[in-house]
Amino acid sequence: MNNNTLMQTLGIEFIDVGEGTLVATMPVGPKVHQPMGMLHGGANVALAESVGSCGSIILLADPAIGVVGLQISANHLRSKKEGVVTAHGTIVHKGRRTHVWEIKITDEEGRLLSLCRMTNMIIEPE
């Protein structure tokens with residue numbers, strides 16, 4: 001699913017899936033840095049949105065149903081220069097037409113780097 005996508009470009013890998021949860025990792029290095037040499041907040045948001053979107057796709061388990069992001073917010077609480085970050089996504093609301101996800105991005109020591117919330121719209125086939 002990651003081939004030829006932003007997820008592949010950023011090195012995002014999905015490592016665990018559970019009932020209403022999805023976990024992914026992303027390497028941190030110059031490819032995802034902002035000019036000051038720290039992890040770009042936009043890269044964190046791309047990781048969070050990837051987890052929330054793919055999480056909804058997995059929950060729906062029907063390739064005919066589409067998922068698009070409606071809204072995402074992120075609080076960047078801490079920075080990182082090198083290593084790996086992990087995004088832990090949990091479904092907060094699973095409605096018929098919308099899903100809401102909370103995604104926590106942490107470092108290798110479990111410190112919270114970003115806290116994100118994403119709303120997806122579910123598109124039923126006509």
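Visitor: Which residues are in contact with L47, leaving aside its neighbours within four places in sequence?
Guide: Contact means heavy atoms within 4.5 Å. Sequence neighbours within four places are left out. In this predicted model, L47 is then in contact with I12, A24, T25, M26, V85, A87 and I105.

Visitor: What pLDDT do local features need?
Guide: Residues are numbered from 1 along each chain as its sequence is written, and side-chain values use heavy atoms, with hydrogens and water left out. This is a predicted model: totals for chains, interfaces and linings use all residues, side-chain atom pairs count only at pLDDT 80 or more, and local features need pLDDT of at least 70.

Visitor: Which members of the largest nonpolar core touch the most other members?
Guide: A nonpolar core is a set of buried Ala, Val, Leu, Ile, Met, Phe, Trp, Tyr and Cys residues joined through side-chain atoms within 4.5 Å. Buried means under 20% relative accessible area, exposed over 50%, partly exposed in between (1.4 Å probe, protein chains only). The largest core has 25 residues. Those touching the most other members are M26, L47, V85, I103 and I105.

Visitor: Which element gives the most to this core?
Guide: Helices (H or I, at least four residues) and strands (E, at least two) are DSSP runs, numbered from the N terminus. With seven residues, the element that gives the most is helix 2.

Visitor: Is S56 buried or exposed, and which side chain does its own side chain meet in a polar contact?
Guide: S56 lies in helix 2. Its relative accessible area is 0%, so S56 is buried. A polar contact is a pair of N or O atoms within 3.5 Å; within protein, one must be able to donate a hydrogen and the other to accept it, and residues adjacent in sequence count only if both atoms are side-chain atoms. At 2.9 Å, the side chain of S56 makes such a contact with that of N120.

Visitor: Where is A61, the residue with phi near 50°?
Guide: That phi is a positive value in a residue other than glycine. A61 counts as exposed because its relative accessibility is 65%. Its place is the loop between helix 2 and strand 3 (66-76).

Visitor: How many salt bridges does the structure hold?
Guide: A salt bridge is a side-chain nitrogen of Lys or Arg within 4 Å of a carboxyl oxygen of Asp or Glu. One of them joins the side chains of E108 and K80 (2.7 Å, N to O). That pair links distant parts of the chain, 28 residues apart. The total is four.

Visitor: Is K80 buried or exposed?
Guide: K80 lies in the loop between strand 3 and strand 4. K80 has a relative accessible area of 11%, so K80 is buried.

Visitor: Which residues are linked in a network of salt bridges?
Guide: The side chains of R111 and D107 meet in a salt bridge (2.7 Å, N to O). E109 also forms a salt bridge with R111, the closest N and O atoms being 2.9 Å apart. D107 is buried at 6%, whereas E109 is exposed at 56%. The network links D107, E109 and R111.
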